[in-house]
Amino acid sequence: MSNQIPFDVSFNFVPRAARPTKPRSHGITEIRAPYYDTFGTRHLQDVMDVAGQWVDGIKWAGGSFALVPAEQVRAFSDIAHENDAYVSSGGWIETVLRYGDDAVDAYLKEAKEVGFDVIEISTGFIMLPTSGLQRLVEKVVRAGLKAKPELGIQIGSGGDSSEAELAAEGAKDVGDLIDRGRKALEAGAEIIMIESEGITENVTRWNTGVAATIMNGLGMENVMFEAADGPVFEWYVKNYGNEVNLFVDHSQILQLEGLRQNIWGNKSTWGRVINPA
């Protein structure tokens with residue numbers, strides 16, 4: 001527990017579990033931009049005014065930015081950057097890839113123009129070989145952007161498919177995920193996003209052993225887990241401490257950060273999250 005609180009917070013005489021200041025390389029919190037909830041720049045500015053010091057990045061999910069005027073996407077990026085947060089594309093490259101190399105080049109060009117910093121390379125819906133993933137990572141890096149492959153064990157993950165539909169598709173071996181993740185990191189990927197479907201989402205029982213295998217195989221600092229459900233991000237912090245990298249909904253920032261800092265919790269976590277300075 002640390003008495004040193006390098007943040008602008010009220011009641012700072014109360015000790016907290018140690019947290020690094022931004023830019024953080026661990027204990028990263030990425031939040032969802034408009035998708036399930038539609039909101040604009042005024043709402044985002046409010047969120048940042050209240051909780052911006054706990055937000056490391058903003059992710060546009062499901063290509064939602066392609067339904068928004070470019071000046072609005074750029075305005076979101078400006079607010080994020082003013083608060084030392086990066087902007088990630090989410091997994092829409094799966095759509096763009098269907099239209100060829102020229103479309104990918106145009107996608108990366110416009111991504112830079114609207115202020116994106118990170119391109120997520122999702123592979124849940126497409127059959128992309130590891131060599132192709134490596135080439136995409138290299139292309140993104142050459143374009144001056146950071147590459148974040150999204151990998152998972154569930155075939156067909158990344159959308160709004162039902163549990164029954166995904167179960168019918170089957171699952172992939174976690175060893176394959178680790179191998180692809182290592183090769184993507186070697187190709188220049190910044191971090192690997194781990195798709196929650198098949199692990200903690202759309203399963204009858206959580207595959208916690210898969211999460212542990214990924215942590216051990218790729219290193220906790222090299223992965224970020226989708227955890228946009230309170231019991232899920234609580235489980236990750238409870239089992240791996242407050243330095244685990246997590247993607248949550250923007251409505252959950254303070255709930256997650258309160259858990260990370262050990263100022264609140266439930267009967268399972270209250271008072272138990274410790275990290276010395």
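Start with the second largest pocket, which has a volume of about 410 Å³. Its lining has 17 residues, and those closest to the pocket centre are Arg24, Ile28, Tyr86, Lys146 and Glu190. By type, the lining splits into 7 nonpolar, 2 polar and 8 charged residues. A pocket here is an open set of points on a 1 Å grid over the protein atoms alone, where a 1.4 Å probe fits, with protein on both sides within 12 Å along at least five of seven lines; lining residues have an atom within 4 Å of a point. The volume is the space filled by probe spheres set on the points.

Keep in mind that this is a predicted model, where local features need pLDDT of at least 70 and side-chain atom pairs count only at pLDDT 80 or more, while totals for chains, interfaces and linings use all residues. Residues are numbered from 1 along each chain as its sequence is written, and side-chain values use heavy atoms, with hydrogens and water left out.

Now zoom out. The chain comes to 10 helices and 8 strands, taken as DSSP runs (H or I of at least four residues for helices, E of at least two for strands). Buried residues account for 52% of the chain, where buried is under 20% relative accessible area, exposed over 50%, and partly exposed in between (1.4 Å probe, protein chains only).

On to the aromatics. There are 13 aromatic pairs, counted when the ring centres of Phe, Tyr or Trp (its six-membered ring) lie within 6.5 Å. Ring pairs tie Phe39, Trp60, Phe65, Phe76, Trp92, Tyr107 and Phe116 into a cluster. Elsewhere on the list of ring contacts, the charged end of Lys59 sits over the ring of Phe247, 4.6 Å from its centre (the rule asks for NZ of Lys or CZ of Arg within 6 Å of the ring centre and within 35 degrees of the ring normal).

The Lys22 to Pro23 peptide bond is cis, with omega near 0°, and Pro23 is in the segment before β1 (29-32). Asp84 has a positive phi near 55° in the loop between α2 (70-82) and β3 (86-88), and is exposed at 59% relative accessible area. Asn262 also has a positive phi, near 70°, but this residue is buried at 11%, in the segment after α10 (253-261).

Conventions
Rings of Phe, Tyr and Trp (its six-membered ring) pair if their centres lie within 6.5 Å; planes under 30 degrees apart count as stacked, over 60 as edge-to-face and the rest as tilted. Ala, Val, Leu, Ile, Met, Phe, Trp, Tyr, Cys and Pro count as nonpolar, Asp, Glu, Lys and Arg as charged, and the others, Gly among them, as polar.
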